[in-house]
Amino acid sequence: MGVKIGGQIEKVNGRELSYTEFAERYLAQNQPVVLTGLMDDWKASKEWVFTHGQPNLYFFSTHFSKSKVQVADCGTRAFSDQKRLEMSVLEFVNHWLLQGSGDNFDGNGQSVLYLKDWHFVKEYPEYQAYRTPPFFTDDWLNLYLDNYRMHDDPDSCQENNDLCCSDYRFVYMGAKGSWTPLHADVFRSYSWSANVCGKKKWLLLPPLQCNLLFDRNMKSSVYNIFDDISETKFPGFKKAIWLECIQEQNEIIFVPSGWYHQVHNLEDTISINHNWFNAYNLSWVWDLLLRDYKEAKEYIEDIKDICDDFEGLCQRNLAANSGMNFNDFFIFISRFSLANVLELYYLRGESNSESWHWSATVQHFALNLASIRKIALKMKSEGGVQGNLGIHNLMESLGDPTFLKLSTDLGRIYAVIHEQEKWSCTKKILMADIEKHGSQVCSPDDLVKFIDYAVSNLSGNCSEKNTLLSVLYDARPHQVN
Ligand SMILES: O=C(O)CCC(=O)C(=O)O
């Protein structure tokens, strides 16, 4: 059975696009795009590929042979994903060279293997295979995981199931015929995926149509859209109208939040792939976490009366299944709030000028705070989080090298995106302000109060047309489905 294709994904020359244009057209609108012209100087594009475009597998077996990687067996389903195996890169390459290419199965009836989710940057930080294009660098997820763990409970963070730790920067490698089943991305993050060599076919479905992919109980979704899908089981599926994309070598696809997609390698392919989120799609992350929480709660509802700490159990299960719980998410947004506030204090410096808040960087920090503030209010109203979650001590953070690194890295990213000069670095004014306000942030309510307090202090010497305040209170950051 075929699927209905409604159109192709737009391709744009990335060298002719500004960051602001990208943010307005694609991040804020949650629309996919393919960007060209951004990979020419990547080491991966030179060292991982032969001149005729085939992957240089010998390079991998000589340089990275011992790495242990996750490999999907594309012919075998395991629940909603493909069966996974663990092997060394050398074993994977040898299998690839022996197997040749095919459609799920090679000529000998062996399943095609697909190396996925290889944390290459984490494993080889010195190698510098590529440079993330500035369009994708406003990445709170990987920035955070470079400095902190998302969740710290040893019970739900097993070494081999490291949902919450590590990073979301991956290398994928697979022969022609390897593929990825239908899914939406972890945390409902954005992703970008760059073809170092080869060709992929993408089928994407906008979030507003995603209910069509589910069974009557909205529990399970279609696994392979090219299977003969039962109309009785998935009554909406035939109505779905897909966007298609044939992604060539040296092209990067941007996959927005909540878009279901299925991917097929039409040739032997190596790709680099990140998941990330920031102010534009943070609400997607919260919405999914809330949905997962409700599901986790419903699942154990019948033991509620015999459970000493039912809420604690729900949150533990949430972290185990989703990679974070409410407390983790709250500490995450609270740390980012402080980092954004600190960067704003740095930017203002000791200046009494009224114009400092007009810069693109200041606007960006203000937009971040507006988005976090909105989510904190949602946590309270939708998630029922009235009381304390975790304790975030602001003063302690300001003295903590890990936090200061997070904050400096954030500032550096926006300096590159907006080509901003360096600013004066002193945190003493912020520390004095926090002394007056109180240092502990323990609930979404506290967080909103802290953001309001900091922004009002920062705005003290601004005129009525205060862009900081208007970004914080007027803008409706970007919930486009
Ligand atoms: O390239 C692939 O096979 C899958 C990539 C993917 O699904 C993703 O980036 O979310």
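Just after H9, Gly 349 takes a positive phi of about 55°. Before I go on, some ground rules. This is a predicted model: local features need pLDDT of at least 70, side-chain atom pairs count only at pLDDT 80 or more, and totals for chains, interfaces and linings use all residues. Residues are numbered from 1 along each chain as its sequence is written. Helices (H or I, at least four residues) and strands (E, at least two) are DSSP runs, numbered from the N terminus.

Back to H9. It has 23 residues and reaches 33 Å from its first C-alpha to its last. That is close to the 33 Å expected at 1.5 Å a residue. The expected span is 1.5 Å times one less than the number of residues. Is H9 enclosed or exposed? Of its 23 residues, 22 are buried, so H9 is largely enclosed by the rest of the structure. Buried means that 20 or more other C-beta atoms lie within 10 Å of the residue's own; exposed means 12 or fewer, and partly exposed is in between, with C-beta atoms placed from the backbone.

Next, helix H8, residues 310-322. Its 13 residues should span 18 Å, and its end C-alpha atoms are 18 Å apart, which agrees. Which residues of H8 are buried? They are Cys 314, Gln 315, Leu 318, Ala 319 and Ser 322. These cover an arc of only 135° around the axis, which puts them on the same side of H8. The arc is that of the directions from the helix axis to the C-beta atoms. What covers these buried residues includes H7 and H9. A contact, by the way, means two C-beta atoms, placed from the backbone, within 7 Å. H8 is followed by Gly 323, whose phi is positive, near 90°.

With 20 C-beta neighbours inside 10 Å, Tyr 293 counts as buried. Leaving aside neighbours within four places in sequence, Tyr 293 is in contact with Cys 314, Leu 318 and Phe 326. The C-alpha atoms of Tyr 293 and Lys 405 are 31 Å apart, and 112 residues separate the two along the chain.

**Two helix pairs**

Two packed helices are described by the angle between their axes and the distance between the axes. Axes are lines fitted to C-alpha atoms, for helices over the stretch in contact, and angles run from 0 to 180 degrees between N-to-C directions.

Take H7, residues 282-299, with H10. They pack at an angle of about 15°, with their axes 10 Å apart. That makes H7 roughly parallel to H10. Angles under 35 degrees count as roughly parallel, over 145 as roughly antiparallel, 65 to 115 as roughly perpendicular and the rest as oblique. H7 passes H10 in a right-handed crossing. A crossing is right-handed if the near helix is turned clockwise from the far one by less than a right angle, and left-handed if anticlockwise. On the H7 side, Leu 282, Ser 283 and Trp 286 make the meeting. Their partners in H10 are Ser 371, Ile 372, Ile 375, Lys 378 and Met 379.

Now H10 with H14, residues 444-458. Their axes come within 8 Å and cross at roughly 150°. That makes H10 roughly antiparallel to H14. This crossing is left-handed. Residues of H10 that meet H14 include Leu 369, Ile 372 and Ala 376. Across from them, H14 brings residues including Leu 447, Val 448 and Ile 451.

**Helix H12**

Last helix: H12, residues 401-417. Its 17 residues should span 24 Å, and the end C-alpha atoms are 24 Å apart, which agrees. Phe 403, Leu 406, Ser 407, Leu 410, Gly 411, Tyr 414 and Ile 417 are buried. They cover an arc of only 130° around the axis, which puts them on the same side of H12. On the other side, Pro 401, Thr 402 and Val 416 are exposed. What do the buried residues of H12 pack against? The helices are H1, H6, H9, H10 and H11. After H12 comes Glu 419, with a positive phi near 45°.

**A loop residue**

Finally, Asn 30 sits in the loop between H1 and strand E3. Its phi is near 55°, a positive value in a residue other than glycine. Asn 30 is buried, with 20 other C-beta atoms within 10 Å.
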